[in-house]
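Here are my notes on the model you sent over.

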Amino acid sequence: GASKIYPMDTTEFNAYPPTLDLGLARNVDRLYNTNTLRFGIENVFQTRDGSYGSREIARLDMYQDINFSKYPYEGDPNRKSSYSDFYTNLSVSPARWLSFGIYNRVNTNDGTWAEASAYVELKDMDAWRIVLGNIYLDSLNLKQYYVLADVRLSERYSLSGAWYYDGDLAKMTYQVYSLKQRLGNSWIIEYYISNRSGATRNDNASVGIRVNLLTY
């Protein structure tokens, strides 16, 4: 019976609005009554670009759920609530080479700040890119800072790196270095080496290969 089968696909932590479409829901082993009203605003501001049509210069998205049947709270799936967090996503790109944004979640049940994340991105089209950002999660007591970097070596090869620093632990918790190889117009093969501090399920250091399909 169901009591002898361990539930695998259950409710998981998600920093984004909960999935309402049953066809996309992952918690098939632990379903809940979903009687939710979602309302929000999605605004995109674009301008003409002299090189290629148009480009996005600003975006503002805001969402809020009202759960007529109490639903598991994003930050704590074991606690049900009548309201989701209030989500705000703002990004601005005043120039092609510069963009920055913030993503916030406010717990509307008690008024606390659930998440505050921000980033600044500098880039030279597809030649190179560097991103500086931070992540704050109240439910996990997480304060992290990160740097992402990409540089194109040729039409086929590029290098990438990512570094995550934990403010509370005062140490680097994750770093990865990778070489990406493009095969034709459809495939990218990524060779990487990474190190994760304090991993419980796997070794701290790992080496691997990823294959990504770009087109169908």
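This is a predicted model: local features need pLDDT of at least 70, side-chain atom pairs count only at pLDDT 80 or more; totals for chains, interfaces and linings use all residues.

**Salt bridges, a surface patch and a cavity**

1. Let's start with Asp126 and Arg152, whose side chains come together in a salt bridge, 2.6 Å from N to O.

2. Arg152 comes out at 37%, so Arg152 is labelled partly exposed.

3. Now for a pair with the opposite setting. Asp85 and Arg105 form a salt bridge through their side chains, at 2.4 Å from N to O. Here too distant parts of the chain are linked, with Asp85 in strand β4 (residues 85–95) and Arg105 in strand β5 (residues 98–107), 20 residues apart. Both Asp85 and Arg105 are buried.

4. Arg105 has another partner to look at: a salt bridge joins Arg105 to Glu115, and their closest N and O atoms are 2.8 Å apart. That pair connects strand β5, which holds Arg105, with strand β6, which holds Glu115, across ten residues. Are these two side chains buried or exposed? Buried means under 20% relative accessible area; Arg105 has 1% and Glu115 has 6%, so both Arg105 and Glu115 count as buried.

5. Some of the charged residues go beyond simple pairs: Glu56, Arg59 and Asp61 are linked in a salt-bridge network.

6. On the nonpolar side, have a look at the surface patch made by Trp97, Phe100, Val120, Leu122, Trp128, Ile130, Leu132, Val151, Leu153, Tyr157 and Leu159. Together these residues have about 950 Å² of accessible area. Which strands supply two or more residues to the patch? They are β6 (113–124), β7 (128–137) and β9 (157–166). The biggest contribution is from β7, which gives three residues.

7. Leu132 lies in strand β7 and has a relative accessible area of 48%. The exposed class needs over 50%, so Leu132 is called partly exposed.

8. How many cavities of 30 Å³ or more does the structure hold? There is one, and the largest cavity contains about 80 Å³ of space. Its lining is made up of 13 residues, and those closest to the centre are Pro18, Asp65, Asn67, Tyr71 and Pro72. The elements that give two or more residues to this lining are β2 (54–73) and β3 (76–83).

9. One more thing on that lining: β2 provides the largest share, five residues. By residue type, the lining of the largest cavity splits into six nonpolar, five polar and two charged.

Note on methods: Residues are numbered from 1 along each chain as its sequence is written. Side-chain values use heavy atoms; hydrogens and water are left out. On a 1 Å grid over the protein atoms alone, a cavity is a set of points where a 1.4 Å probe fits but cannot get out, and a pocket is an open set with protein on both sides within 12 Å along at least five of seven lines; lining residues have an atom within 4 Å of a point. Grid points are joined across faces, edges and corners, and a volume is the space filled by probe spheres set on the points. Helices (H or I, at least four residues) and strands (E, at least two) are DSSP runs, numbered from the N terminus. Ala, Val, Leu, Ile, Met, Phe, Trp, Tyr, Cys and Pro count as nonpolar, Asp, Glu, Lys and Arg as charged, and the others, Gly among them, as polar. Patches are made of residues with over 30% relative accessible area and no salt bridge: like charges are joined within 9 Å, nonpolar side chains (Val, Leu, Ile, Met, Phe, Trp, Tyr) within 5 Å. Accessible areas come from the Shrake-Rupley method with a 1.4 Å probe; for residues, only the protein chains shown count as cover. A salt bridge is a side-chain nitrogen of Lys or Arg within 4 Å of a carboxyl oxygen of Asp or Glu. Buried means under 20% relative accessible area, exposed over 50%, partly exposed in between (1.4 Å probe, protein chains only).
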